[in-house]
Amino acid sequence: MANSTYRCLVGVIIFAGCFMSLASASAGEVYTLTIKDHHFDPAQLTIKAETPATLIIKNLDASPEEFESKSLRIEKIIPANSEVSFALRALKAGRYKFVGEFHEDLAKGELIAE
Amino acid sequence: MLGALIIVFREAIEAGLIVGIVLAVTRGLAHARTYVFAGVCAGAGGAALVALFADALSKSFSGNGQELFNAGILALAVIMLAWHNIWMSRHGRELSQQLSSVGRAVASGERTLFALASVVGLAILREGSEVALFLYGVVASGETGYDVFLGGLLGLALGAAVSFATFYGLVKIPPRHLFFVTSWLITFLAAGLAAQSAAFLQQAGVVTLFTETLWDTSWALPDKTILGRVLHTLIGYSDQPSLLQGLVYLSTLILIYAATKFTQLRPRLEPRLSP
């Protein structure tokens, strides 16, 4: 019995593995956002559509922030006084809103892909 | 204060629901509460550690440490839930008939208890680290003070209230239906967590396939609302899922269902314990 269960699990893992293509995409243009006093600068960032890019977010505040965007499908914690960078998938032209979840009333902005 | 309450509560809902479900599923098993309590404590301790090393974590794996960590935790929880369901489909009835009186039932009950307690621990680890970071940020920046901190603690208390409400709601279900309800709950829960794990792998750029948005219902029911969050946990609702998330969700549902049926139908190899 235990054996069949483990076999099932292995099957699940292998199946899940089929979905993954190990390719890390972090090429293209590099854009930078800064967080200071819980505001994004620039609050509107224009990027090239249909091109993978890298976004760097610098948090100059003494408190951590969580960069979150449902439409970009990104949620990422940026510790206090540090920066993170990550790959943006190739985006269709359009507007992609984002917020700093820990200070949602202040930290708002959008990416404009065109 | 209200803002902090909402932020923390939103994070705490998922863990709260999971604790409630696990408490209901394991009710009547010997030492169930001890296991769940240990899971909660381990999760909270782990969350504090993760928050403490958030900086190092986010810099690891060329900046994808957070994502891979989250994806891994979620995948582990899915495996534990799947294992529990498959195992219960075979032994659940035995367990509920014999409960804790038979030594073997206790011994094997402890294995599934361990799996479920780990699910609790993992849920709290993941959501709790964000809460810890947020509260830590409030204290560290000193800009807002006790008001916000208190709001955060109230949010946590509300999360605990969700656990109790879930538990008492579930145990109201007559015992003969409870098993059916909880196995489906766990199956959907696992599928939703698997989809979330897939989303983190996409975010990390590990998976670059199927990034198209399946649908956008953020105008009707955003994930961020309390209802959206509850549905997000219970059935894996997402307002803008990627194609990959949809595929992983469906395959997890089908796989767990199929594996459960398969184990149920297979003839027993072990001699049956007479009650």
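**View 1. Helices α1(B) and α6(B) pack at about 25 degrees.** Their axes lie 6 Å apart, and α6(B) covers residues 146-171. Axes are lines fitted to C-alpha atoms, for helices over the stretch in contact, and angles run from 0 to 180 degrees between N-to-C directions. The two helices are therefore roughly parallel to each other (under 35 degrees; over 145 is roughly antiparallel, 65 to 115 roughly perpendicular, the rest oblique). α1(B) passes α6(B) in a right-handed crossing (the near helix is turned clockwise from the far one by less than a right angle; anticlockwise is left-handed).

The model is predicted: local features need pLDDT of at least 70, side-chain atom pairs count only at pLDDT 80 or more, and totals for chains, interfaces and linings use all residues. Residues are numbered from 1 along each chain as its sequence is written, while chains are lettered from A and ligands numbered from 1 in the order in which they are written.

**View 2. Helix α1(B) has a kink centred on Ala12(B).** The kink is about 35 degrees (the bend at a residue is the angle between axes fitted to the seven residues ending there and the seven starting there). α1(B) runs over residues 2-25. Helices (H or I, at least four residues) and strands (E, at least two) are DSSP runs, numbered from the N terminus. From first C-alpha to last, α1(B) reaches 33 Å, close to the expected 34 Å (1.5 Å times one less than its number of residues). Of its 24 residues, 20 are buried, so α1(B) is largely enclosed by the rest of the structure. Buried means 20 or more other C-beta atoms within 10 Å of the residue's own; exposed means 12 or fewer, and partly exposed lies in between; C-beta atoms are placed from the backbone.

**View 3. Helix α7(B) spans residues 175-203.** Its 29 residues reach 42 Å, close to the 42 Å expected. Here 21 of the 29 are buried, so α7(B) is largely enclosed too. Gly205(B) follows α7(B), with a positive phi near 80 degrees.

**View 4. Four strands of chain A form an open sheet.** The order is β2-β1-β4-β7, with mixed pairing. Strands pair if DSSP finds at least two bridges between them. The edge strands are β2 (39-41) and β7 (82-88). β1(A) and β2(A) pair antiparallel over 3 bridges. Thr34(A) has Asp41(A) as its bridge partner in β2(A).

**View 5. Strand β8(A) pairs with β5(A) and β9(A).** Both pairings are antiparallel. Phe67(A) partners Gly100(A) in β8(A). Tyr96(A) partners Leu111(A) in β9(A).
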